[in-house]
Amino acid sequence: MLELDAAEFERLVVDELDLLPDDMVDGLDNVIFVVEDRPEDGTLDILGLYDGVALTERGQYGFGEMPDRIVLYRESLLAICTSLDDLHDEVHITLVHEIAHFFGLDDDRLHELGWG
């Protein structure tokens with residue numbers, strides 16, 4: 001298992017976010033990115049989570065809405081990586097996967113596209 005403290009991991013996530021294409025992140029309105037150690041159930045099975053209402057399912061959305069959240073689980077991602085390069089790749093894939101959920105793509109479609 002790769003070791004990286006919370007601050008180093010968060011810097012890596014920000015770096016990976018900066019590398020995403022503009023057309024992928026430009027439409028992210030009222031979304032925050034969060035790093036947590038583990039999912040609430042304590043397992044390491046989940047790498048990330050989109051917590052919100054996808055754009056394709058929203059009715060009225062306006063001022064005062066709580067932001068949607070995209071969560072990356074540090075310990076889960078570290079547990080599956082053996083190198084820093086692996087970690088960069090997995091964080092990138094997880095970010096794309098969770099951002100896709102924001103835009104309304106489900107897991108089946110993401111698997112078809114190779115991002116599942």
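Is threonine 94 buried or exposed? At 5% relative accessibility, threonine 94 counts as buried, where buried means under 20% relative accessible area, exposed means over 50%, and partly exposed covers what falls in between (1.4 Å probe, protein chains only). The model here is predicted, so to speak of local features pLDDT has to be at least 70, side-chain atom pairs count only at pLDDT 80 or more, and totals for chains, interfaces and linings use all residues. Residues are numbered from 1 along each chain as its sequence is written, and side-chain values use heavy atoms, with hydrogens and water left out.

**Overall architecture**

- The protein chain has five helices and three strands; helices (H or I, at least four residues) and strands (E, at least two) are DSSP runs, numbered from the N terminus.
- Read from the N terminus, the order of elements is α-α-β-β-β-α-α-α.
- The radius of gyration is 14 Å, close to the 13 Å from the globule rule for 116 residues, so the protein chain is as compact as a globular protein of that length. The radius is taken over C-alpha atoms, and the rule is 2.2 Å times the number of residues to the power 0.38.
- Along the principal axes, the C-alpha trace spans about 45 × 30 × 30 Å.

**Burial, contacts and charge**

- Of the 116 residues in the protein chain, 33% count as buried.
- Among contacts with a separation of 6 or more, 74% come from residues 24 or more positions apart; a contact means heavy atoms within 4.5 Å.
- The accessible surface of the protein chain is about 7000 Å², and 49% of this belongs to carbon and sulfur atoms. These areas come from the Shrake-Rupley method with a 1.4 Å probe, and for residues only the protein chains shown count as cover.
- There are 6 positive and 30 negative side chains, and the centres of the two sets lie 4 Å apart. Lys and Arg count as positive and Asp and Glu as negative, while His and the chain ends are not counted; each charge is placed at NZ of Lys, CZ of Arg, CG of Asp or CD of Glu.

**Aromatic pairs**

- Rings of Phe, Tyr and Trp (its six-membered ring) pair if their centres lie within 6.5 Å, with planes under 30 degrees apart called stacked, over 60 edge-to-face and the rest tilted. The count by this rule is two aromatic pairs.
- Tyrosine 50 and phenylalanine 102 have ring centres 6.1 Å apart and planes at 85°, so this pair is edge-to-face.
- Tyrosine 50 sits in strand β2 (residues 48–51) and phenylalanine 102 in helix α4 (residues 84–102), so the pair ties together parts that are 52 residues apart in sequence.
- Both partners are buried: tyrosine 50 has a relative accessible area of 12%, and phenylalanine 102 has 0%.
- Phenylalanine 102 also forms an edge-to-face pair with phenylalanine 103, at 5.0 Å centre to centre and 80° between the planes.
- Phenylalanine 103 is partly exposed, with a relative accessible area of 29%.
- Through these ring pairs, Tyr50, Phe102 and Phe103 are linked into a cluster.

- Threonine 94 is in helix α4. Beyond neighbours within four places in sequence, threonine 94 is in contact with Leu47, Gly48, Leu72 and Leu77.
- Glutamate 98 is also found in helix α4, and is buried at a relative accessible area of 6%.
- The C-alpha atoms of glutamate 98 and tyrosine 50 lie 5.3 Å apart, although 48 residues separate the two in sequence.
- Leaving aside neighbours within four places, glutamate 98 is in contact with Gly48, Leu49, Tyr50 and Ile70.
- Glutamate 16 belongs to helix α1 (residues 6–19) and is buried, with a relative accessible area of 6%.
- Not counting residues up to four places away, glutamate 16 touches His88, Val91, His92 and Leu95. From glutamate 16 to leucine 95, 79 residues along the chain, the C-alpha separation is 8.3 Å.

**Loop residues**

- Asparagine 30 lies in the loop between α2 (22–25) and β1 (31–36). Asparagine 30 has a positive phi of about 60° although it is not a glycine, and is partly exposed at 28% relative accessible area.
- Glycine 104 is in the loop between α4 and α5 (107–113) and counts as partly exposed at 33% relative accessibility.
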